[in-house]
Amino acid sequence: MRWSQAHIPTLREAPADAEAVSHRLLVRAGFIRQIAAGSYTMLPLGQRTRLKVERIIREEMDAIGAQEMLLPTLHPADIWRKSGRYDLMGDNLFKLKDRKDTDMVLGMTEEEIFALHATEIFSYRDLPQIWYQMHIKFRDEPRPKAGLLRVREFTMKDSYSLDIDWAGLDVAFEKHREAYKRIFARLGLSAVDVEASSGTMGGSESVEFIQRSEAGEDWIVTCDGCGYRANLEKATSALVPIEDGESTSIEKFPTPGLRTIKALAEAFPEVAAPERQIKTLVYVVDGQPTLILLRGDHELHEQKLIDHTGSTNVRPAHPEEIRELLGADPGSLGGVGVTHAPIIADNALRGRRNMTTGANEDDFHYKGVEVERDIPVGDWADLRTVALGDRCVECGSALDLWKGIEVGHIFKLGTKYSEAFGAIVQDEHGDSHPIVMGSYGIGVERNMAAVVEANHDDAGIIWPATIAPYEVVVTLVRPDDPAVKEAGERLYSGLLANGVDVIIDDREERPGVKFADAELVGIPFRITVGPKGVAEGKVELTIRRGLETEEVGLDQVVAKVTELVTAGRQLGR
RNA sequence: CGGGCUGUGGCGCAGUUUGGUAGCGCGCUUGCUUUGGGAGCAAGAGGUCGUCGGUUCAAGUCCGACCAGCCCGACCA
């Protein structure tokens with residue numbers, strides 16, 4: 001490609017509404033343009049990189065025996081009603097009607113359709129299978145953000161494994177885990193696999209791949225001591241034991257105007273330190289008002305509540321609902337003697353004595369509360385949010401807490417969809433079993449953005465050679481100088497002949513403009529051809545990462561750069 | 001959905017307080033000069049001021065409604 005003929009609209013300044021580094025750089029370097037919130041055009045450079053990302057994913061999927069298919073994105077709503085996800089997905093599912101007034105949806109993931117195709121498998125002899133596609137997904141996100149990191153329309157590689165039993169699923173799951181590690185390594189990412197919640201997918205186990213980044217939206221808990229890694233929505237931690245003293249009797253006492261854990265602790269330090277208090281929250285869980293009990297200094301993690309109760313709709317109760325239920329306002333709530341609403345307590349409250357909690361009477365609390373004696377807890381669960389400084393359950397080391405981007409997610413679905421769609425096979429004894437499924441996703445454009453987040457400097461993007469839009473740029477310092485022109489064209493043709501993705505910057509621009517553009521776009525190798533060098537039979541080779549430059553003989557440079565490019569393509573393999 | 005903010009040439013912004021017929025930088029076009037880190041001079045092109053309605057002799061500016069986009073939160077395979 002000749003830069004003079006390419007559409008590479010670089011910008012000196014980023015649009016004011018771009019905040020995330022990857023968003024700013026991908027726009028400035030001419031890879032993407034926004035069309036609507038969470039909706040982007042891939043310009044020529046963006047499309048080149050996107051196709052290379054797809055190619056890597058395809059190679060690794062094919063390597064584990066996966067077969068590529070292509071399903072429609074436009075689905076009849078009935079298929080989604082059949083799995084129950086038409087309502088479950090709520091407003092995130094794009095819904096529309098066709099001209100005959102039939103309800104349709106745009107696919108946001110395709111377990112349903114793949115399960116439907118799995119109904120054409122009848123025998124264990126035809127299993128296992130891994131099917132995948134590289135396709136557009138639509139999600140009506142409540143809040144698209146950060147350029148390509150959270151969008152409403154994007155390309156996803158989604159694959160689905162079909163097995164006769166759970167042992168088979170385990171195999172497919174681990175195959176995907178390893179394939180994903182190879183994919184991320186080849187993309188230049190250092191993503192790690194962490195335990196995660198399954199959310200609305202259903203299923204027994206899920207693992208997310210997270211690239212550490214300040215632009216990320218997920219909080220990850222890791223342990224350097226033993227390698228424990230989990231999403232905050234799933235993570236657990238060990239607590240320092242607390243000495244509660246002898247058992248005492250429960251006693252109500254006045255606490256006028258004290259409505260917060262902190263205020264109560266300051267007023268009654270001897271009986272109401274935060275770790276001696278029971279925090280009482282009222283949540284409406286699938287329509288059922290429910291008391292949630294935590295230690296005073298702990299925070300609820302709503303996803304844990306959702307996962308534990310298997311509910312789909314969870315929200316804090318409104319103040320009026322709370323007063324109606326308990327007869328008091330927030331600040332004086334407690335579980336003592338409450339039998340007309342379910343009570344779920346966090347495990348950290350097990351066995352605790354001499355606690356303080358609200359008396360369900362404004363301005364009064366109880367002290368001397370013994371949780372299991374005085375409160376009719378119906379259900380114990382891990383509900384608290386792990387905090388910085390907590391210790392590892394496995395090994396006791398201090399846990400680390402950091403932010404990251406979810407670049408991939410793999411799920412053990414089980415039989416939810418095969419049962420819903422009747423994907424049943426017979427085993428060698430003639431017994432029928434629903435197919436055991438797994439589901440595995442990678443967001444293509446989000447991965448592009450994650451690579452930029454992880455690979456850039458002040459000058460711009462630093463693409464790994466594996467997915468750079470061009471591997472080499474030949475920069476003509478003086479394209480009007482016949483010797484420079486001739487030498488540059490010779491290098492260009494030589495590299496093309498060697499199968500290198502090369503672009504020649506033959507624009508009639510000042511050198512500074514060309515250098516700045518090459519660095520902004522992030523091309524891994526730059527060969528600078530200038531009059532002085534050519535006269536001496538030399539050119540300069542600049543490595544984008546680090547921007548170090550060396551002189552290379554005109555006659556050697558094609559071979560040398562071809563070698564470097566070839567080595568760069570091996571990244572992560 | 002709650003809170004905050006923003007819509008003026010391709011990009012970044014001023015102008016709105018105090019209504020008078022739209023401006024700056026970058027980019028773009030042409031010419032001359034320049035040519036190893038985002039050039040200089042000169043002449044140009046380009047704007048329904050987010051949309052609709054209202055007030056007024058007159059609206060980018062005042063009033064109302066709506067739309068879009070961004071940020072925080074909620075939400076999120």
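A base nitrogen of RNA strand B lies 3.2 Å from an N or O atom in the side chain of Asp517. This is a predicted model, in which local features need pLDDT of at least 70 and side-chain atom pairs count only at pLDDT 80 or more, while totals for chains, interfaces and linings use all residues. Side-chain values use heavy atoms, with hydrogens and water left out.

Two further side chains approach the RNA. In total, 45 residues surround RNA strand B (a heavy atom within 4 Å of it), and Arg139, Arg143, Met156, Phe411 and Glu540 are the closest. Of the RNA atoms within 4 Å of the protein, 54% belong to sugar or phosphate and the rest to bases.

Chain A is assigned domain 1 (31-235 + 401-453), domain 2 (251-381) and domain 3 (463-569), with bounds from an automatic or database domain assignment. The C-alpha centres of domain 1 and domain 3 are 39 Å apart. Between them, these two domains bury about 1000 Å² (accessible area, 1.4 Å probe, lost on being put together and summed over both), 67% of it on carbon and sulfur atoms. On the domain 1 side, Phe31, Arg48 and Lys52 lose the most area to domain 3, together 45% of what that side buries. Lys52 also forms a salt bridge (side-chain nitrogen of Lys or Arg within 4 Å of a carboxyl oxygen of Asp or Glu) with Asp501, at 2.7 Å between the closest N and O atoms.

Notes. Residues are numbered from 1 along each chain as its sequence is written. Chains are lettered from A and ligands numbered from 1 in the order in which they are written. A polar contact is a pair of N or O atoms within 3.5 Å; within protein, one must be able to donate a hydrogen and the other to accept it, and residues adjacent in sequence count only if both atoms are side-chain atoms.
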